[in-house]
Amino acid sequence: MFARNVSIHLKSNTLSDYTRTFENEILPLLRKQKGFKDEITLSNPGSLDAIAISLWESKANAEAYNTNTYPQVLKTMGRFIEGPPKVQTLEAVTSTFHNVAVAV
């Protein structure tokens, strides 16, 4: 299993709009992607920083999303984001939410 970790800095007073748009427009898009498993978005109250973590069956699925769909997502969410997002693709080593074997 692979994870995409996207760190963003939100524009002031946009967290609720960001969250609503993510739930109504981006999650339905993600659910249609081959290999998509789950999404979690994190932020601290009062902070302008947020992290979106998506889980994928394989690195190939995560990379296909990054190439084919992420540019559209970035365009949709761009009105809420200040500066470029930082994107990392990581191998899931363990998870209590999903059955993930420990990487050797």
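1. Let's start with the lining of the largest pocket. Leu 15, Tyr 18, Thr 19, Phe 22, Glu 23, Leu 27, Glu 39, Ile 40, Thr 41, Leu 42, Ser 43 and Ala 50 line this pocket. A pocket is an open set of points on a 1 Å grid over the protein atoms alone where a 1.4 Å probe fits, with protein on both sides within 12 Å along at least five of seven lines; lining residues have an atom within 4 Å of a point. The model is predicted, so to speak of local features pLDDT must be at least 70, and side-chain atom pairs count only at pLDDT 80 or more, while totals for chains, interfaces and linings use all residues. Residues are numbered from 1 along each chain as its sequence is written, and side-chain values use heavy atoms, without hydrogens and water.

2. Which elements build that lining? Helix H1 (15-31) and strand E2 (36-43) each supply at least two residues, and H1 gives the most, with 6 residues. Helices (H or I, at least four residues) and strands (E, at least two) are DSSP runs, numbered from the N terminus. The volume of the largest pocket is about 170 Å³, meaning the space filled by probe spheres set on the points, which are joined across faces, edges and corners.

3. By class, the pocket lining has 7 nonpolar, 3 polar and 2 charged residues. Here Ala, Val, Leu, Ile, Met, Phe, Trp, Tyr, Cys and Pro are nonpolar, Asp, Glu, Lys and Arg charged, and the others, Gly among them, polar.

4. Now look for the cavity (a set of points where the probe fits but cannot get out). The structure holds 1 cavity of 30 Å³ or more, and the largest cavity has a volume of about 200 Å³. Of its 20 lining residues, Val 6, Phe 22, Ala 52, Tyr 70 and Val 73 are the closest to the centre.

5. Strand E1 (2-9), H1, strand E3 (49-56) and helix H3 (70-77) each give two or more residues to the cavity lining. E3 provides the largest share, 5 residues. By class, 17 of the lining residues are nonpolar, 1 is polar and 2 are charged.

6. How do H1 and H3 pack? Their axes (lines fitted to C-alpha atoms over the stretch in contact) are 11 Å apart at an angle of about 160°, on a scale from 0 to 180 degrees between N-to-C directions. H1 and H3 are therefore roughly antiparallel, the word for angles over 145 degrees. Tyr 18, Thr 21, Phe 22, Glu 25, Ile 26 and Leu 29 of H1 meet Gln 72, Val 73, Thr 76 and Met 77 of H3; contact means heavy atoms within 4.5 Å. These residues divide into 6 nonpolar, 3 polar and 1 charged.

How values were computed: Angles under 35 degrees count as roughly parallel, over 145 as roughly antiparallel, 65 to 115 as roughly perpendicular and the rest as oblique.
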